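Good morning, colleagues. Please look at the sequence and the model on the screen, and I shall then walk through selected features.

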Amino acid sequence: MVKKQKDVAWVNVYKDMTTRGVERSFLSKLQYSLGKDKYTATLNDDFMALAIAIRDRLIERWIDTQQRYHKRNAKRVYYLSMEFLIGRLLGNNMLNLDLWDKVKEAMDRLGRDVEVLRECETDAGLGNGGLGRLAACFLDSMAMLSIPAHGYGIRYEYGIFNQRIVNGYQVESPEEWLAKGNPWEFQRAEYNTKVKFGGRVETFTDSRGRLRTKWVDTDDVLAMPYDIPVAGYKNNIVNTLRLWSARSTEEFDLKYFNSGDYEGAVYQKVFSENISKVLYPNDNISQGKELRLKQEYFFTAASIADIMRRFKEDNTNLSMFSEKVAIQLNDTHPSLAIVELMRILIDDEHLEWDDAWRIVTETFAYTNHTVMPEALEQWPVTALETLLPRHLQLIYEINMRFLRDVAISYPGDIDLLRRVSLIEEGEPKKIRMAYLAIVGSHSINGVSELHTDIVKTQVFKDFYNLFPERFNNKTNGITPRRWLKKANLGLSALITETIGEKWVTDLYELDKLTPLTKDKSFCAKWIEVKKANKVFLAEYIRKNTGIIVNPESMFDVHIKRIHEYKRQLLFGLFIISEYLKLKKNPKVDSVPRTFIIGGKAAPGYYLAKLIIKFLNSVADIINRDRSISDRIKVAFMENYRVSLAEKIFPAGNLSEQISTAGTEASGTGCMKFMVNGALTIGTLDGSNVEIAKAVGEENIFIFGLRIKDVEKMRSGGYNPREFIERSPVLAEIIHLIKTNFFSPVEYGLFEPIVESLLGQDRYFICADFDSYCATQDKVSGVYNNVNDWTVKSILNVAKSGKFSSDRTVMEYAKDIWNVPYHHRIPGDIAS
């Protein structure tokens, strides 16, 4: 008789969290995981060994966390995003596991410099900018708040391109972030899933006489999941980011192989795996557009299949789906998930339409991230006819039923039906993906108060009138763990020794700094911290660009994606005006400034790339001019990325947030600067509005047109030449550009920039130029008074509490996802 074995209880004993424990793990991993010793190990081997040692401590907590979610049958939050700009993870995981000092001590004992090892890690650039960085911050906050959450995205083989500046031009090269291996990921082959494309749709009658649909003769691609653990701050919670990689369902076709056609044998494999090859293929060509659509469906279909699998592990009643599942769409890119869930519920689970649609709309929520109509995603109907024929049928059905309901509520209003239809008529017909997301979701949120107001009153006005209860605001935020605690060690240490550590998980605690603006000793320490950060960045600039900058100068910083509406060009024109001022009067009393610029332009965005060249040409002339005695320096920091941002934000004095009013949905760079003690110069756009409310208008520098001014000028016929004629400085600058002062070797190079200013000037650079320069003079006046500037710097940090992603995620959890969260005070992590 076989004796039944008792279940072995999971023992909650974690790996040694002491300095000695980390040291032993590092040596063990170096030898047994990497097969190296002290004679053969490279710097990268040392980094990998340390990362794996830290990872082991994550794994134990990861398994425990997932088991707890499973046993509780907890409602899960699924965050679907095309981008996750997670950056480097070693330092983040050291911090969240409370191992920062212990790892440093362990590496010191072994003769390694942990900062050098951290620099070995390649940024995981799986995003283009704010959208992907927000997603990463949200994952951090969801883990900190103990929310059962999973991120879903694509494991791009090549992330956002590496940018080099060659002769002033942006040159792109592939970003091979996986070339040396990724110590944080785990392949989960047992959970791979097939994703279908193409084929045709069959209809048939089932045994009960009901009309059914089948999607057949498809080209299939395998979605292979890779999991990355996401640690909460000192709470033993570890959530999951699951990234999908495309694989061919067949390695090669034996028929072609045997006939000697080796290229043909592997064609399908290469063709299939292109789907997850690169972040954002160039969509200026038809193949790029098709690949982008394939990417969007690939990751949403795989994710929905995975969500359904996980739901069925603990539940049998599909009517309870929305009680156990909340799916957040991070912008329009994952909108096909709505249709995919409908397809599964109707075609595979055989639910009636109304029951399926109720489940879908109760499950999905949509975050909009843009106020510009041209940025709202649309797909040609012909593309879906070819790639996703069943989904096109379902979209037509969703649209027909939706328009029928609208027609009942608004009889005879044909124009309203045209405006809200999911299908835009024309040649070619297009599917409005944002409209699909709105109709298929129970919540639609903007990402700042101003943005949400624009969404309600302009961008989606008709939908707001139809579904006012669905619209809400969730102002974006940033994780204070990465962007203050980790990025700015000096400032975070000063804050913690002064007011305690509660601010790390409750940023409103920083308000306790407000009374300290009157404490001279504290203010002196504050100044020293900023100075040390600037000295560090100045040395980094010297090493990486050869430009020597003065740490005593004002660090005036514009770092973000290069786009016309973000107005790097306005910043460049102001730099030239400051240069001309010094050239005309070398003795003028002016504040020395170091202008720091960083950002990437989309490879197919001609004018944005020309602006990069222009800025570098301006920098070259200014930096070479000895007559201005180093009172102005301009540094373009190539290959802007998360790890570089962590060096720049702590050192910034002035944060440039100068987008045209009404174009920036939120922006989070402004928040990162604010929490690091920089002052903001900006328009009343995006989150600048809320920053001004929080810190007081006397502690921020606001300039330029308001939204109503922009709308009035746009509708009344804006003529930029009128503003140029009234501004001698601007007229002189444009004359210099036209006469090739900044392009002496390449005549006419910057003519397109001149034409953009003299012609349409879509983003009102000429209209805002004088106001911007006048406000910059006020900035200089305040900066000259060290005490005034320091007080304003402290107040910016003290009033930044609202801009934590923890606050944002708590609002999502309460108002949209209906899941509990645990907002805790940090303590000692279990050892």
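Throughout this talk, a residue is called buried under 20% relative accessible area, exposed over 50%, and partly exposed in between, with a 1.4 Å probe and protein chains only. What we see is a predicted model, in which local features need pLDDT of at least 70 and side-chain atom pairs count only at pLDDT 80 or more, while totals for chains, interfaces and linings use all residues. Residues are numbered from 1 along each chain as its sequence is written, and side-chain values use heavy atoms, with hydrogens and water left out.

Helices (H or I, at least four residues) and strands (E, at least two) are here DSSP runs, numbered from the N terminus. Gly 696 and Lys 792 are 96 residues apart in sequence, yet their C-alpha atoms are 9.8 Å apart in space.

Let me turn to the sheet that contains β25. In what order do the six strands of this open sheet run? The order is β22-β21-β20-β23-β24-β25, and the pairing is parallel. The edges are formed by β22 (632-637) and β25 (701-702), each of which pairs on one side only. Two strands are said to pair if DSSP finds at least two bridges between them. Strands of a sheet pair through backbone hydrogen bonds, either parallel or antiparallel.

Consider now the individual pairs. β20 (residues 554-559) and β23 (residues 654-657) are parallel and share two bridges, and Val 557 stands opposite Ser 655 in β23. β20 also runs parallel to β21, and six bridges join these two strands. Met 554 has Arg 593 of β21 as its bridge partner. By right-handed I mean that, with the strands pointing away from the viewer, the path from the first strand over the helix to the second runs clockwise.

On its other pairing, β21 is joined to β22 in the parallel sense over six bridges, and Arg 593 has Ile 632 in β22 as its bridge partner. Here the chain crosses through helix α24 (residues 606-624), and this β-α-β crossover is right-handed.

How many of the six residues of β21 are buried? Six of the six are buried, and the strand is mostly covered. Arg 593, Phe 595 and Ile 597 on one side, and Thr 594, Ile 596 and Gly 598 on the other, are all buried, which covers both faces. Helix α23 (residues 568-584) lies across β20, β21 (593-598), β22 and β23, and runs at about 155 degrees to β21. That angle is taken between N-to-C directions on a scale from 0 to 180 degrees, with axes being lines fitted to C-alpha atoms, for helices over the stretch in contact. Contact itself means heavy atoms within 4.5 Å.

Several backbone details deserve mention. In the loop between β20 and α23 we find Arg 567, whose phi is near 60 degrees, a positive value in a residue other than glycine. Arg 567 is buried, at a relative accessible area of 0%. Asn 236 lies in the loop between β11 (219-231) and β12 (238-248). Its phi is near 65 degrees, again positive in a residue other than glycine, and at 17% relative accessibility Asn 236 counts as buried. Glu 427 and Pro 428 are joined by a cis peptide bond with omega at about 5 degrees, and Pro 428 sits in the loop between β16 (423-424) and β17 (430-432).

Two helices follow. Helix α15 (residues 389-409) has 21 residues and spans 31 Å from first to last C-alpha, close to the 30 Å expected at 1.5 Å a residue; the expected span is 1.5 Å times one less than the number of residues. Its buried residues include Pro 389, Leu 394, Phe 402 and Val 406. In helix α34 (residues 805-817) we find Thr 808, which is buried with a relative accessible area of 0%. Leaving aside neighbours within four places in sequence, Thr 808 is in contact with Phe 138, Lys 474, Thr 475, Asn 476 and Gly 477.

Finally, the cysteines. A disulfide is a pair of cysteine sulfur atoms within 2.5 Å, and by this rule the count is zero. Cys 137 is buried, with a relative accessible area of 1%, whereas Cys 120 is partly exposed at 21%.
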